[in-house]
Amino acid sequence: MAIDRLNKVTIVLPAKDSRWFLSQLYQLNAVHIIDTFSHIDNSSIPYFQRFPTVIEEIEKNIQKLNTILSVLKIFSQKKKSFVEGIFPIPMQVTQKELDQACARIDIESISRECQVQYEKYSAFQKQHKQRKEEIDKLTDFLPLADELTRIRSIRNVSFFYCKVSEARWNRFLKDEQSCEYFAWQIVSKTDEKLKILLAYLNRDKDAALKIIAKFDLKEIPFPVLPGNVKDQVDKLVSELANVVREEHLVRRRFLELSGEWRSLEILLGYWENERNKMLAQRRCAMSKRIFVLIGYVKTTDRLRLDSMLGNEFPHASVSYEEPSPKDRVPVSITLNKFFKPAQLLINMFGLPNYFTFDPTPFVIVSFLIFFGLCFGDVFYGLFLIVFSAWMVRKYRRSEPLSNFMKLFLYAGISTMIFGALTGGWAGDLYNPMYLGEDNLLLKVKERLMLLDPLSKPVIALLIAIGLGVLNQFYGITLRMYGEILRKNILNAICDGLLWLIMLPGFLILISTIFLKVPGYLVSIGKYLAIIGAAGLISTQGRNEKGIAGKIFTGIVSLYGIVGTYGCSGFIGDILSYTRILALSLTTTIIGMAFNIVASLFKTGTLIGMILFIITLVTGHMFNFVMSILGAFIHPARLIFLEFFGRFYEGGSPKFQPYGFGNQRIVLVKNSSQ
């Protein structure tokens, strides 16, 4: 249950055996290949070249398949759920199904058809939009279909067609000049607008236009048509029907192609894997006579690698060595089933340095305690457990999603425990005003509760700060542990132990400002602070040149400007843990508010009881969703910033053995698995 131990391996063999060797190594799926050229002596580089691979055709296939699937996604009736969109679930594929997909699917043919069909569909959509817009424009003139020709033939008179609200039209009618210069006809009337045809003499044009502008009447321009408006609309409707029919045919063809969705995704996974395979091969080097591969192999896989080389390539030369701190060593972590879900937190931050340790087992306890305190409610925890267990069962084929939900299942247990200890039962649902006097929930709550944060917020605040202090000391202890693993005993003492001596003393002295501290405890704090500070001043500048530089660096390191930690950082970090109390109170108070709102409907009638239950469930579901976000985000923040900052070194690459491995598809032995 730690970072897997690796050996750096160098393999040299005749160049003529290179392709067969890479094929066998691919089947072994055990070696992480690194860039060989970065480890070859500069004087030898001119004699080597990268292993020749052809990746361009693979990239073209991947691009075509992605395009095909993106087009089919528009028309496909199969839609992924929100959860599946965040956590892609790999398809389980047999070797036979993979071979059939590669042999049966013609990527070029389907890509060409998709392109042609989509161009046709886009053209039909454009025509559809144009016809629809033209019909909408002409619809305004259908009431004037018979008069348009006659209107155009009238001389000395101009016409103005507009759509106006009834209120504005009434104001228009009350205007004396409007009645003097205009004649009009209400062409149609709806609840929202009137369509009005106005007429005025050409000689009164200027006055008429001023009145039109005064009332801000928007003109509907008369269409220029070869014939009757109704005939033109009928023609457009007929054309639109034909376009819709063609659209339907194209859509139906795309739905037929969507039947190949699974095979296309299998092919995409296959070609993505082939691309990764070629990229890994390019990291190898070869000359005219020899082939060189450098990589990392788990110590547990050395026997398999040696067996393969001994059986297939007896002339190969292989050497193993321990990884060097100068190397960027990939990391593989093996965890048991209990700690596996917490690896999500580590992956979010980045894999640890190979030469340190996996913090997953050390993180999970802190995270679950913080989560439980922030979300603390028995009913919310119970619902979270049930929902998480259902999700784990439903998406067990997706390891990332399954582990993510297992983490929430653990968090649900923590939430129930801390909810019981702090009296959180759907807010205060145990209150006699909701469930009556001496209800069972009230009795259970009184028996289990240790502290009510609402009635004793100061004590709850001190507990939150105390947890912060302990977690900070825990992080410093882990720093010491990491340094000891590297055999840096001096760093463990100077950057860890001295802070564990100085900070408790500093904390005792600071607490005298707010609390009455016994004299003997003040004396202990004073000695601890002096001893720790003296040690830190003497050692924090140990890498600086000159005595003055060492002492100055040591002094400013106490504040936290330089060095591994600082008093200011310590105070800021422990104050961050007060958010635990804030979130805990927020969850409880909002739950209580919804209980009060629901009680307003509790009138003793059947309808009142139904409304009471509906309001209660709806309100608490809202509180559950909103509070769980904070209960996850803020503990994660406390872990990533205030805790990891004390000891964690991340940024290592992931160990990815040269072999078949893909997040899109997973090979299984038979279809029943």
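**Entry 1: Met592**

I began with Met592, which sits in helix H24 (residues 578-599); helices here are DSSP runs of H or I with at least four residues, strands are runs of E with at least two, and both are numbered from the N terminus. This is a predicted model, in which local features need pLDDT of at least 70 and side-chain atom pairs count only at pLDDT 80 or more, while totals for chains, interfaces and linings use all residues. Residues are numbered from 1 along each chain as its sequence is written, and side-chain values use heavy atoms, with hydrogens and water left out.

**Entry 2: Arg646**

Next I went to helix H25, where Arg646 is found. Arg646 is buried, with a relative accessible area of 12%. Its side chain makes a polar contact with the side chain of Gln472 at 3.4 Å. A polar contact is a pair of N or O atoms within 3.5 Å; within protein, one must be able to donate a hydrogen and the other to accept it, and residues adjacent in sequence count only if both atoms are side-chain atoms.

**Entry 3: helix H15**

I then followed helix H15 (residues 378-394), which has 17 residues. From first C-alpha to last, H15 reaches 24 Å, close to the 24 Å expected at 1.5 Å a residue; the expected span is 1.5 Å times one less than the number of residues.

Which residues of H15 are buried? I noted Val378, Tyr380, Gly381, Leu384, Ile385, Ser388, Met391 and Val392. Seen down the axis of H15, these buried residues fall within an arc of 155°, so they line one face of the helix; the arc is that of the directions from the helix axis to the C-beta atoms. On the face turned away from the buried side I found the exposed residues Val386 and Arg393. At the start of H15, a side-chain oxygen of Asp377 comes to within 3.0 Å of the backbone nitrogen of Phe379.

**Entry 4: a four-stranded sheet**

I traced an open sheet of four strands in the order E7-E8-E6-E9, with antiparallel pairing. Strands E7 (183-189) and E9 (218-219) stand at the edges with a single partner strand each, so one side of each is left without a neighbour in the sheet. Two strands count as paired if DSSP finds at least two bridges between them.

How many bridges join E6 to E8? I read eight between E6 (residues 157-164) and E8 (residues 194-201), which run antiparallel. Val164 stands opposite Leu194 in E8.

**Entry 5: cysteines**

I looked for disulfides, taken as pairs of cysteine sulfur atoms within 2.5 Å, and the structure holds zero. Cys162 is buried at 1% relative accessible area, whereas Cys179 is partly exposed at 42%.

**Entry 6: salt bridges**

My last search was for salt bridges (a side-chain nitrogen of Lys or Arg within 4 Å of a carboxyl oxygen of Asp or Glu), and the structure holds 28.

I picked out Glu239 and Arg131, whose side chains meet at 2.7 Å, N to O. This pair links distant parts of the chain, with Glu239 in helix H10 (residues 229-257) and Arg131 in helix H5 (residues 107-139), 108 residues apart. Glu239 is partly exposed at 25% relative accessibility, and Arg131 is buried at 18%.

Glu265 and Arg664 meet at 3.1 Å, N to O. Glu265 lies in helix H11 (residues 261-282) and Arg664 in the loop between helix H25 (606-647) and strand E14 (665-668), so the pair ties together parts 399 residues apart in sequence. I have Glu265 as buried at 9% and Arg664 as partly exposed at 24%.

Within H10, Glu256 and Arg253 lie three residues apart, about one turn of the helix. Their salt bridge has its closest N and O atoms 3.0 Å apart. I also noted a network of salt bridges linking Lys64, Glu108 and Arg112.

Conventions:
Buried < 20%, exposed > 50% of the residue type's maximum accessible area, 1.4 Å probe, protein only.
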